[in-house]
Amino acid sequence: MSVETKNIRENISLKGSTKIVVEFFEFALNSILFQRAIYPPEDFKMVKKYGLNVLVTIDDSVKSYLKKLLTQVEAWLNAGKISKLILAIMNVETREILERWQFDIQIIDEDNKENRGPGGGKKQRAEQEIKNEIQAIIRQITASVTFLPVLEDECTFNILAFTDKDAEVPAEWDDSDPHIIQNPEYYYVRNLKIVLIKLNKQLLQ
């Protein structure tokens, strides 16, 4: 059964450097790979983060892939050129897309009031409060195994980044289709929208 899983959160404003956002992606992606059994349990180790025991990969090739990806995501965040990150899970043999985990990113430029989205004029949350929100999201990713169907066939994954047309993209990266699922069922793990506030053309530090 095809499942499209979205994470969309209203008005979480991450005010500060992109470090919090990139770190969140690192642990969220690792958690999904573990919980959906894309790799065997022995390929993960437990670390303490956000007051939780979180599983992260120890596979060198996966670690290298995620590090390279997130380094580029950080560059796009700093440049305000990324709007969406998607982890697509697919059948190894048929390449059928089985799940699609979507993270929406909104970057608000306070110098351009016409482009301000939800939350643009609201007081930013303290870093600890944001981390508490992230903790809740990671908990719900962990709990997803209780309601998502078991992936019975061998699966792999692909990560897609939706960027502006003028964004700089590494030469070795290819364009891809959006990995849309036909007639999907939607499971809302938690309402998550990542909002970066830009003031005076610079992300607040």
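Helices (H or I, at least four residues) and strands (E, at least two) are DSSP runs, numbered from the N terminus. The model is predicted, so local features need pLDDT of at least 70 and side-chain atom pairs count only at pLDDT 80 or more, while totals for chains, interfaces and linings use all residues. Residues are numbered from 1 along each chain as its sequence is written, and side-chain values use heavy atoms, with hydrogens and water left out.

Start with a pocket. On a 1 Å grid over the protein atoms alone, a pocket is an open set of points where a 1.4 Å probe fits, with protein on both sides within 12 Å along at least five of seven lines. Lining residues have an atom within 4 Å of a point. The second largest pocket has a volume of about 230 Å³, where volume is the space filled by probe spheres set on the points, joined across faces, edges and corners. Four elements each give at least two residues to its lining: α1 (19–35), β3 (44–49), β4 (52–57) and α2 (60–79). Val22, Glu26, Phe27 and Asn30 are among the lining residues. The lining holds six nonpolar, two polar and four charged residues. Here Ala, Val, Leu, Ile, Met, Phe, Trp, Tyr, Cys and Pro count as nonpolar, Asp, Glu, Lys and Arg as charged, and the others, Gly among them, as polar.

Now turn to the rings. Rings of Phe, Tyr and Trp (its six-membered ring) pair if their centres lie within 6.5 Å; planes under 30 degrees apart are stacked, over 60 edge-to-face, and the rest tilted. This rule gives seven aromatic pairs. One of them joins Phe27 and Tyr50, edge-to-face, at 5.9 Å centre to centre with 80° between the planes. Phe27 lies in helix α1 and Tyr50 in the loop between β3 and β4, so this pair ties together parts 23 residues apart in sequence. Phe27 and Tyr50 are both buried (under 20% relative accessible area with a 1.4 Å probe and protein chains only; exposed is over 50%, partly exposed in between).

Tyr65 and Phe157 also pair edge-to-face, at 5.7 Å centre to centre and 75° between the planes. Tyr65 is in helix α2 and Phe157 in strand β7 (residues 155–163), so the pair ties together parts 92 residues apart in sequence. Tyr65 is partly exposed, at 33% relative accessible area. Phe157 is buried, at 11%. Elsewhere, ring pairs link Phe24, Phe25 and Phe103 into a cluster.

Charges meet rings as well. A charge sits over a ring if NZ of Lys or CZ of Arg is within 6 Å of the ring centre and within 35 degrees of the ring normal. The charged end of Lys49 sits over the ring of Tyr50, 5.6 Å from its centre. Lys84 lies over the face of Phe162, 5.1 Å from the ring centre.

Next comes Arg100, in strand β6 (residues 97–109). Arg100 is buried, with a relative accessible area of 4%. Its side chain makes a polar contact of 3.0 Å with that of Gln102. Such a contact is a pair of N or O atoms within 3.5 Å; within protein, one must be able to donate a hydrogen and the other to accept it, and residues adjacent in sequence count only if both atoms are side-chain atoms.

Two loops remain. Ala37, in the loop between α1 and β3, has a positive phi near 55°. Ala37 is exposed, at 58% relative accessible area. Arg95 is in the loop between β5 (82–91) and β6. Its phi is positive, near 65°, and Arg95 is partly exposed at 48%.
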